[in-house]
Amino acid sequence: MLVVYDSRHRLHADPQLRHPENPSRTIKVIEALIKSEVSSQLSFVGVREPEEEVLLLVHDPEYVEYVKKESSRGFHYIDPDTYVNEHTYLISASYMTTTYYVTLDSLSSREAALVVPRPGGHHAGRSGRALGAPTLGFCIFNYAAVASAALLKKTDKVLIIDFDAHHGNGTQEIFWDDGRVVHVDIHQEGIYPGTGDVLDVGSGAGEGKMINIPVSAGAGDETYMWVLEEIIKKLVEVFKPGALVVSAGFDAHLNDPLTSLAVTKITYRNIGAYLGELLARNEVMSVVSVVEGGYGEGLVPGVINYVNGLLTRSKHPNDVKAIPAGLRKRVKDSLKSNLSRYWGIEIRT
Ligand SMILES: [Zn+2]
């Protein structure tokens with residue numbers, strides 16, 4: 001597995017290190033990956049210098065200039081959630097550029113890739129705040145979107161799976177009417193950014209390709225396994241994506257301080273194992289995962305279990321029933337009718 005990491009990420013920080021999105025998150029993840037049982041299967045890739053053309057694949061030139069300018073002013077908040085400092089542009093833009101090239105490499109080597117960036121990216125839309133979100137939600141540039149843009153050079157069918165606890169509004173806005181990208185997003189309803197209703201399905205060529213699964217507070221492994229079995233696996237059979245991008249946020253974990261979901265390492269392991277199988281069976285050319293959120297104790301075991309699943313293709317030993325326990329009736333009914341209408345998929349609820 002190709003792992004993108006740049007130790008300069010430490011320079012993107014708030015002076016008191018009080019913000020939940022701070023360097024210790026990524027430092028701990030990398031340390032744990034190096035010590036993990038699959039460390040011999042990881043090849044670390046340093047980052048490249050920024051190439052503006054790569055950023056412009058998914059962001060407007062005005063927004064790129066805005067980030068550059070704000071960053072050059074030193075540490076300050078650009079909205080109530082999101083800070084920048086004099087290093088932010090360089091770091092986020094370097095990760096973007098490297099994500100793009102590593103995704104192309106992963107396509108030719110048929111090797112999975114994992115991007116461990118800072119800050120996260122999935123809330124950043126084409127010109128910043130996306131789909132009416134109040135803030136950028138800590139994000140600057142959208143790595144999952146640029147990975148998808150790279151994959152679209154080689155296939156016209158990309159599946160994005162976003163299991164971060166927050167809706168990936170930036171990614172969804174970027175591919176809203178694209179038609180070549182299917183975006184499945186499972187997130188906690190009613191929290192930031194307030195987008196991702198089940199009735200939001202995309203438009204134009206993208207109609208039916210945005211699949212939003214808002215789950216209630218307290219939803220855990222049973223619900224996530226239901227999404228995997230009933231929606232993701234069935235969709236993969238029908239859509240037959242050429243490659244996959246995963247916005248792998250670990251803030252749906254039971255212990256995350258920012259959300260109220262109840263996912264454990266079982267979910268992360270089992271999703272990883274399924275995606276690893278798809279790659280091993282050559283059903284997809286590549287699986288590119290981008291670490292998004294994760295602000296508590298769940299982040300490190302989450303990443304480790306997910307990567308383990310992907311590389312060993314073995315599920316967690318504890319069995320979990322797949323039942324839509326944490327979904328409102330309205331959500332289940334709408335998913336049922338949308339999936340039947342757009343995909344001919346019948347889901348069990
Ligand atoms: Zn999140």
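Predicted model: local features only at pLDDT ≥ 70, side-chain atom pairs only at ≥ 80, totals over all residues.
Residues are numbered from 1 along each chain as its sequence is written, and side-chain values use heavy atoms, with hydrogens and water left out.

**View 1**
Welcome to the metal site. The protein donors here are Asp 164 (OD), Asp 164 (OD), His 166 (ND1) and Asp 251 (OD), at 2.0 to 2.8 Å from the zinc ion. Donors are N, O and S atoms within 2.8 Å of the metal (3.2 Å for Na, K and Ca); water is not among the atoms, so sites may look incomplete. The angles subtended by the four donor atoms run from 51 to 155°, which makes the arrangement irregular. For reference, four donors count as tetrahedral if all angles lie between 85 and 135 degrees; four count as square planar and six as octahedral if opposite donors are over 155 degrees apart and all others between 65 and 115; anything else is irregular. Both Asp 164 and His 166 are buried, where buried means under 20% relative accessible area, exposed over 50%, and partly exposed in between (1.4 Å probe, protein chains only).

**View 2**
Follow the eight strands in the order S2-S1-S5-S10-S9-S6-S7-S8, paired in parallel. Strands (E, at least two residues) and helices (H or I, at least four) are DSSP runs numbered from the N terminus, and two strands pair if DSSP finds at least two bridges between them. At the edges are strand S2 (43-45) and strand S8 (210-215), each pairing on one side only. From one strand to the next, the twist averages 15°. Strand S7 (residues 181-188) runs parallel to S8 and is joined to it by six bridges; in one of these pairings, His 183 has Met 210 of S8 as its bridge partner. Helix H10 (residues 329-343) packs on the sheet and touches S7 and S8, its direction making about 165° with that of S8. Contact means heavy atoms within 4.5 Å; axes are lines fitted to C-alpha atoms, for helices over the stretch in contact, and angles run from 0 to 180 degrees between N-to-C directions.

**View 1. A closer look along helix H10.**
Lys 329 and Asp 333 both sit in this helix, four residues apart, or about one turn. Their salt bridge brings the closest N and O atoms to 2.6 Å; such a bridge is a side-chain nitrogen of Lys or Arg within 4 Å of a carboxyl oxygen of Asp or Glu. Lys 329 is exposed at 60% relative accessible area, whereas Asp 333 is partly exposed at 37%. Ser 334, also in helix H10, is buried at 12%. Leaving out residues up to four places away in sequence, Ser 334 touches Val 198 and Leu 199.

**View 2. The loop between S1 and H1.**
Arg 8 and Glu 49 meet here in a salt bridge (3.9 Å, N to O). The pair links distant parts of the chain, 41 residues apart: Arg 8 is in the loop between strand S1 (2-4) and helix H1 (23-35), and Glu 49 is in the loop between S2 and helix H2 (52-55). Arg 8 is partly exposed, at 27% relative accessibility. Asp 6 has its place in the loop between S1 and H1 and is buried, at 9%. Setting aside neighbours within four places in sequence, Asp 6 is in contact with Val 47 and Tyr 95. Leu 17, found in the loop between S1 and H1, has a positive phi of about 55° although it is not a glycine; this residue is exposed, at 51%.

**View 3. Two cis peptide bonds in loops.**
The bond from Arg 118 to Pro 119 is cis, with omega near -15°, and Pro 119 is in the loop between strand S5 (113-115) and helix H5 (143-151). The bond from Tyr 192 to Pro 193 is also cis, with omega near 0°; look for Pro 193 in the loop between S7 and S8.
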